[in-house]
Amino acid sequence: MRIYAPVGAALDALKGSNIELLVGVPNEILRELSRNPSTAKGWVQDNVRNYWPSVKFRYIAVGNEVIPGNLSQFVLPAMRNIYNAISSSGLRDQVKVSTAIHMGVLEKSYPPSQGSFGGAANQHLKPIVQFLATTGAPLLANVYPYFSYVGNPKDISLSYALFTSPSTVVHDGSLQYQNLFDAMLDALHSAVERAGGSNVKIVVSESGWPSAGSPAATIENARIYNSNLIKHVSKGTPKKPGRHIETYIFAMFNENQKPGDDIERNFGLFYPSKKPVYPINFSP
């Protein structure tokens with residue numbers, strides 16, 4: 001399970017559940033965490049150590065989709081301070097510290113073997129990737145074929161985005177791609193390798209499909225995408241075959257109070273009333 005901030009009520013509800021948790025460090029406190037190791041130590045004590053081991057923390061995402069941007073420079077120092085606080089609390093081997101990125105950090109994504117980070121993103125991501133390589137933590141990535149498809153429907157077919165293409169769509173040397181999710185993820189694998197992280201795993205910290213808000217955002221398309229995603233992640237990608245892809249579906253609930261475009265309020269598997277938006281089976 002992923003939550004984007006350490007909300008006390010949510011952490012209390014997770015006690016004894018045996019659910020492994022990815023918890024976020026809010027973007028607005030990155031600056032202070034980067035400058036003050038004692039603040040990071042206090043954050044870890046209040047939000048992790050005080051709940052451990054009743055709550056099983058798996059990852060800490062230090063910031064969500066802040067690279068590139070005006071907070072980029074604070075991400076790695078904040079990660080270091082949180083990592084040091086986790087280490088001093090005795091949880092270094094249990095809880096991994098990372099950050100979550102969006103796919104816009106890629107300057108090149110086609111073909112997947114040529115994936116690379118853009119200049120502004122690379123400036124910050126290269127040392128972050130190298131830090132993750134030394135700590136054994138994965139890079140967290142939010143991967144949305146939906147947005148790639150609606151941004152370029154002329155060149156990207158809906159079936160390629162929904163895992164329903166009947167045959168290979170993209171040939172990349174000896175590798176063949178039948179779905180966009182794999183192509184996006186392998187482009188990121190290539191970029192991470194170019195940044196010095198050949199041993200850095202990628203965890204898909206968000207993926208999903210909206211059920212309303214645009215012509216492609218239908219209940220049926222959302223059901224097809226998420227159902228196929230669940231079936232697919234155990235198979236790996238063409239570049240990393242047979243390697244299970246740890247993936248978090250976004251989101252549990254439709255966010256009826258979220259600002260912005262209508263699609264942003266309609267990624268949930270459930271309505272706010274807890275009624276399912278569509279049936280889905282989590283058995284791969």
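**Helix α9**

I started with helix α9 in this predicted model, and found 10 of its 14 residues buried, so the rest of the structure largely encloses it. Buried here means under 20% relative accessible area. I noted the buried residues of α9: N221, A222, I224, Y225, N226, S227, N228, L229, I230 and H232.

What do these buried residues pack against? I found α6 (145–151), α7 (158–161), α8 (180–194), β10 and β11 (247–249).

Next I checked the length of α9, which covers residues 219–232. At 1.5 Å a residue, its 14 residues should span 20 Å, and the end C-alpha atoms are 20 Å apart, so the two values agree.

**Strand β7**

Then I turned to strand β7, residues 139–142. Are its faces covered or open? Both are covered: L139 and A141 are buried on one side, and L140 and N142 are buried on the other.

Strand β4 (residues 96–102) runs parallel to β7, joined by 3 bridges, and H102 stands opposite N142. Strand β10 (residues 202–207) also pairs with β7 in the parallel sense, over 4 bridges. There I saw L139 opposite I202.

**Cavities**

Last, I searched the whole structure for cavities of 30 Å³ or more and got 3. The largest cavity holds about 80 Å³ of space. Which residues line it? I wrote down L185, H189, K201, I202, G236, T237, K240, R243, H244 and I245. By type, the lining has 3 nonpolar, 4 polar and 3 charged residues.

Definitions and conventions
Residues are numbered from 1 along each chain as its sequence is written. This is a predicted model: local features need pLDDT of at least 70, side-chain atom pairs count only at pLDDT 80 or more; totals for chains, interfaces and linings use all residues. Side-chain values use heavy atoms; hydrogens and water are left out. On a 1 Å grid over the protein atoms alone, a cavity is a set of points where a 1.4 Å probe fits but cannot get out, and a pocket is an open set with protein on both sides within 12 Å along at least five of seven lines; lining residues have an atom within 4 Å of a point. Grid points are joined across faces, edges and corners, and a volume is the space filled by probe spheres set on the points. Ala, Val, Leu, Ile, Met, Phe, Trp, Tyr, Cys and Pro count as nonpolar, Asp, Glu, Lys and Arg as charged, and the others, Gly among them, as polar. Buried means under 20% relative accessible area, exposed over 50%, partly exposed in between (1.4 Å probe, protein chains only). Helices (H or I, at least four residues) and strands (E, at least two) are DSSP runs, numbered from the N terminus. Two strands pair if DSSP finds at least two bridges between them. The expected span of a helix is 1.5 Å times one less than its number of residues. Contact means heavy atoms within 4.5 Å.
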